[in-house]
Amino acid sequence: MAVIVRAGAAPLWWPGLLAAAIGALVPGLTGRRIGLLSGAALFLITAAVVALARGRRYAELAGGATRAGRSDFLQDRAVTVRNWRRGRRWWLLGAFLAAVASAFVLPGAGGMVLAGAGAGLWLKAVRIGRREQPDDALYWVRTDWVERGRPAGKRVKGYRTTGPMAGDAAPGGARRRR
């Protein structure tokens with residue numbers, strides 16, 4: 001489940017940093033200093049909002065998690081990440097282009113918002129991983145319940161758990177080291 005949350009972190013973080021760097025080269029209407037300072041503030045606000053969004057729903061679903069059964073279909077980490085990124089590639093490209101275009105008004109701010117969203121998703125995945133470690137379990141969402149990559153959406157009735165050695169993901173959605 002943390003894999004789904006973490007899947008969007010890198011595709012938002014790196015293009016966001018690139019857009020902010022491109023934006024820092026453009027003087028813009030407000031000037032570089034104001035643009036980059038407001039971008040830093042927006043980075044912190046966006047990261048906090050994304051990291052804390054739907055936290056109560058995640059905790060509620062994790063609290064009622066049940067052991068995964070034989071009939072539950074749980075996807076591989078690489079397949080989950082690939083599906084998430086393929087399904088959103090045009091949105092990610094549009095967000096990158098919008099962030100670069102916003103540099104002509106407020107230099108660097110759009111890219112910092114994208115990077116903040118990526119950092120917030122990564123923080124949310126880390127928080128989920130910290131919950132998985134003391135429980136000594138990995139949380140999973142059945143693939144037929146996940147609608148458009150939402151691990152806490154309306155169709156998700158509860159999480160499934162497996163032991164920490166199941167699958168190819170570590171707590172928090174990172175790749176498990178072998």
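Thr-80 is buried, with a relative accessible area of 12%; buried means under 20% relative accessible area, exposed means over 50%, and partly exposed lies in between, using a 1.4 Å probe and protein chains only. Thr-80 sits in helix α5. Helices (H or I, at least four residues) and strands (E, at least two) are DSSP runs numbered from the N terminus. Setting aside neighbours within four places in sequence, Thr-80 is in contact with Val-3, Ile-4 and Gln-75, where contact means heavy atoms within 4.5 Å.

The model is predicted, so local features need pLDDT of at least 70 and side-chain atom pairs count only at pLDDT 80 or more, while totals for chains, interfaces and linings use all residues. Residues are numbered from 1 along each chain as its sequence is written, and side-chain values use heavy atoms, with hydrogens and water left out.

**Overall build**

- The protein chain holds 7 helices and 3 strands.
- Read along the sequence, these elements follow the pattern α-α-α-α-β-α-α-α-β-β.
- The C-alpha trace spans about 60 × 35 × 30 Å along its principal axes.
- Of the 178 residues in the protein chain, 43% are buried.
- Among contacts with a separation of 6 or more, 79% are between residues 24 or more positions apart.
- The accessible surface comes to about 10000 Å², and carbon and sulfur atoms account for 63% of that surface. Accessible areas come from the Shrake-Rupley method with a 1.4 Å probe, and for residues only the protein chains shown count as cover.

**Nonpolar cores**

- In soluble globular proteins, nonpolar side chains tend to be buried together.
- A nonpolar core is a set of buried Ala, Val, Leu, Ile, Met, Phe, Trp, Tyr and Cys residues joined through side-chain atoms within 4.5 Å.
- The largest nonpolar core has 31 residues, and those with the most contacts inside it are Met-1, Tyr-58, Ile-128, Val-141 and Tyr-159.
- Two or more residues of this core come from each of α1 (2–7), α2 (9–25), α4 (55–63), α5 (77–87), α6 (89–101) and α7.
- Not counting residues up to four places away in sequence, Tyr-58 touches Met-1, Val-5, Ala-53, Lys-124, Ile-128, Pro-151, Ala-152 and Tyr-159.

- Gly-16 belongs to helix α2 and counts as buried at 0% relative accessibility.
- Gly-111 belongs to helix α7 and also counts as buried, at 0% relative accessibility.
- Beyond four places in sequence, Gly-16 touches Gly-111, Met-112, Leu-114 and Ala-115.
- Gly-111 and Ala-21 are 90 residues apart in sequence, and their C-alpha atoms are 7.9 Å apart in space.
- Gly-16 and Lys-157 are 141 residues apart along the chain, and their C-alpha atoms are separated by 33 Å.

**Helix α7 and positive phi values**

- Helix α7 (residues 109–135) has 27 residues and reaches 39 Å from its first C-alpha to its last, close to the 39 Å expected at 1.5 Å a residue. The expected span is 1.5 Å times one less than the number of residues.
- Asp-136 follows α7 and has a positive phi, near 55°.
- Arg-54 is a residue other than glycine with a positive phi, near 60°.
- Arg-54 lies in the loop between α3 and α4 and is partly exposed, with a relative accessible area of 48%.

**Surface features**

- A nonpolar surface patch of about 310 Å² is made by Leu-42, Ile-45, Val-49 and Val-113. Patches are made of residues with over 30% relative accessible area and no salt bridge; like charges are joined within 9 Å, and nonpolar side chains (Val, Leu, Ile, Met, Phe, Trp, Tyr) within 5 Å.
- Helix α3 (residues 32–52) gives the most to this patch, with 3 residues.
- Val-49 is found in helix α3 and is exposed, with a relative accessible area of 54%.
- A search of the whole structure finds 1 salt bridge, meaning a side-chain nitrogen of Lys or Arg within 4 Å of a carboxyl oxygen of Asp or Glu.
- The side chains of Arg-57 and Glu-60 meet in a salt bridge at 3.6 Å, N to O.
- Arg-57 and Glu-60 are separated by about one helical turn because they are 3 residues apart in helix α4.
- Glu-60 counts as exposed, at 51% relative accessibility.
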